[in-house]
Amino acid sequence: MSLSEGLARHGLEIVATCTPTPEDALPVSTETLALIGPNGPDFWHVFTHSPEYQDGAANPLNRWSVRILTALAGPHNATALFPFGGPPWHPFIRWAVSSDQIHQSPVGLLVHPRHGLFVSFRGAFALPEVSGRGSTPSPCEPCPKPCLTACPVGALTSKGYDVPTCKAHVASPEGAACRTGCLVRRACPVGPTLRLPQQSAFHMKAFLGDAS
């Protein structure tokens, strides 16, 4: 079974690839980094039927990610890496931008040509073979950029991200709409159907500190 086929069985896909640098301190055999993320609604269905989601213990998504990606890594001589569990922290944002397949949006969030502002990473594989996907243009270039004015309290704009203001609004009665998906992310015309409201609500709950 190919790596892509194995990932697809768990609702995951390679969202970008990049070439590592010496400062990444990865296994010496590493030739390619493959960034792994959800492939759409299939991912949420798979995860919510997993033992990690249903056992009531902390960090269900992180535990699921470790189990699935570690198991998939072995047959492909890969090393599984994760954006959590630090310090030290792996530089996923730098890797993503260096891929030339994921870009920074006008509001500073990462944007993907298929997933839009909902692109995210469950992990990465350090692979011993050269494998690339080429570059893709940013979807923001021809876009009217509704993300710039979508935040109702101006917490996420081209000037930066005001996290305290964002959290306060999301936790308030007026922030109910945001709790099923950041309005800035939802304003992006790319990939609006690839993130279910239930999945966004799960992540927003974690953002507010009510889950992990």
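Helix H8 spans residues 197-207, and its buried residues are Gln199, Ser200, Phe202 and Met204. Buried here means under 20% relative accessible area, exposed means over 50%, and partly exposed lies in between, with a 1.4 Å probe and protein chains only. Helices are DSSP runs of H or I with at least four residues, strands are runs of E with at least two, and both are numbered from the N terminus.

The model is predicted: local features need pLDDT of at least 70, side-chain atom pairs count only at pLDDT 80 or more, and totals for chains, interfaces and linings use all residues. Residues are numbered from 1 along each chain as its sequence is written, and side-chain values use heavy atoms, with hydrogens and water left out.

What do the buried residues of H8 pack against? Their partners are strand E2 (32-38) and the helices H2 (41-48), H3 (51-54), H4 (60-73) and H6 (163-171). Contact means heavy atoms within 4.5 Å.

Let me take Ser200 individually. Ser200 counts as buried because its relative accessibility is 5%. Leaving aside residues up to four places away in sequence, Ser200 touches Phe118, Arg179, Thr180, Gly181 and Arg195.

I turn now to the pairing of H2 with H8. The two helices pack at an angle of about 65°, and their axes are 9 Å apart. The axes are lines fitted to C-alpha atoms over the stretch in contact, and angles run from 0 to 180 degrees between N-to-C directions. H2 passes H8 in a left-handed crossing, that is, the near helix is turned anticlockwise from the far one by less than a right angle. On the H2 side, the contact is made by Phe43, Trp44 and Phe47, and on the H8 side by Gln198, Gln199 and Phe202. These residues divide into 4 nonpolar, 2 polar and no charged. Ala, Val, Leu, Ile, Met, Phe, Trp, Tyr, Cys and Pro count as nonpolar, Asp, Glu, Lys and Arg as charged, and the others, Gly among them, as polar.

Just after H8, Gly209 takes a positive phi of about 90°.

Finally, the chain as a whole. Its secondary structure comes to 8 helices and 8 strands. Of the 212 residues, 45% count as buried. Among contacts with a separation of 6 or more, 65% come from residues 24 or more positions apart. The C-alpha atoms fill a box of roughly 50 × 45 × 30 Å along the principal axes.
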